[in-house]
Amino acid sequence: MSFRPQPPNSPRTLNPPSNDNYLNHMILAMHLSDPKSKSKTLIPDSTTTMDRTLLLSDELLLKILSKLPKSQRNSNSLVCKRWLNLQGRLIRSLRVLDFNFILSSRLIHRFPNLNHVDLVPASFNSPKNSSIFLSHRVLSIHVGSTWCFGEEENLLPTESVDVALKSLASGCPNLRKLEVAGASESGLLSVGEECATLQELDLHRCDDAVLRGVAAFANLQVLRLVGSVEGLYESVVSDIGLTILAQGCKRLVKLELSGCEGSFDGVKAIGQCCVMLEELTFVDHKMDEGWLAAVSFCENLKTLRFRSCKVMDRNPGLEEHLGCCVALERLHLHTCQLRDKIGVGALWRVCRNAREIIVEDCWGLDNTIFSLAAICRRVKLFYIEGCSLLTTEGLESVIESWKELECLKVVSCKNIKHSDISPSLATLFSTLKELRWRPDIQHLLPSSLVGISIGNKGGKFFKRA
């Protein structure tokens, strides 16, 4: 057997490791170069400081970084410039505090793959390093010690907002969700022309004229309009704006109207034009009398929500003109005033096909007003929480008429008592698929604390003399 040595000048062929072995090579190199390791390294000293992650392609390293917890993103971006850029490519959602970050093109360069941008905090003229944080049901911003509520000086000029929108649209054409306050029609048009894939829009401080720009979003499916916020800003969305919106955004699936005005005509236009609308939400609405009957024109509406509404409809009109949402599945009332028997009764009638009714922290819902809900005979799930006026008798009189009821949840309703449960109500409970019965807040205490006078209106500290 003979051995032929290779000529010294002959070329040598090195087969680079496959992508599957890149990570193993990197880990092995780190182990060999570890000074605490007892094994001796076979790599020369000149190469022990080499960045072994350079063996990995950007695509492979991105896959590795994407598997790490989000809590490590900040620390990972400090490793080197390459990791900083790669980590920026993983960011999809961003909350902007200063428009200069957009105008300087740093946002586009640092985060090229954004699909959700929130510009609302940057739209307010407030100190970004302030320790005072204002949280409202529709927005959250930093405010200074000299902040004056209700003044227009708190908001940036519309021109500044439009410039930032144009710069953002040119650099982020793949946007899918945008939140902005104080934009004009031209600013929204620039976004609509560049961002054809935009599907969700949150528009604060808008009026009728601004809604003409919303029509440029051909694929818009989710829209949230905030017309006015008490103490922060005032703007008007009326029937004119709602009609413009209805004619321009016919592919809407979800619509939220917060602090908006309007009447029967505006809501009817939305129902007739937006035939794909499945979810409709009213927040602190300022609708004129008679508007509630227009909701029945939303033929495919499945979810109807009311939040923080002071009144439903003071004069809904004749019952035969109210109509009914035939496809409605869910009715959700949260922190609303339900004192008006006529308005709430009209609401029950419009929503009589609902399968789920949820009432949370609403005022004025007594036995008389709740008795009108007996018309909703298709209810399968009923959840009520924080309604102190309703009694066990009032609850029983209604749910006994709901023959399809399967799930009942009663939480923190102090006038609903265990001692008032009748035999017929107990029998009804036994037929339910799910029952959550905690009407008295005292039953939220752990069993180990029962009987130690906690919750007895002050205990020994507030005894009468």
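In helix α10, D239, L242, T243, A246 and Q247 meet D265, G266, V267, A269, I270 and C273 of helix α11 (contact: heavy atoms within 4.5 Å). This is a predicted model: local features need pLDDT of at least 70, side-chain atom pairs count only at pLDDT 80 or more, and totals for chains, interfaces and linings use all residues. Residues are numbered from 1 along each chain as its sequence is written, and side-chain values use heavy atoms, without hydrogens and water.

**Exercise 1.** Sort the residues where α10 meets α11 by class.

*Solution.* Count Ala, Val, Leu, Ile, Met, Phe, Trp, Tyr, Cys and Pro as nonpolar, Asp, Glu, Lys and Arg as charged, and the others, Gly among them, as polar. The contact of α10 with α11 then has six nonpolar, three polar and two charged residues.

**Exercise 2.** Describe how α10 packs on α11.

*Solution.* Take the spans: α10 covers residues 239–248 and α11 covers residues 264–273. Helices are DSSP runs of H or I, at least four residues, and strands are runs of E, at least two, numbered from the N terminus. Axes are lines fitted to C-alpha atoms over the stretch in contact, and angles run from 0 to 180 degrees between N-to-C directions. The angle is about 5°, and the axes lie 8 Å apart. So α10 is roughly parallel to α11 (angle under 35 degrees).

How values were computed: Angles under 35 degrees count as roughly parallel, over 145 as roughly antiparallel, 65 to 115 as roughly perpendicular and the rest as oblique.
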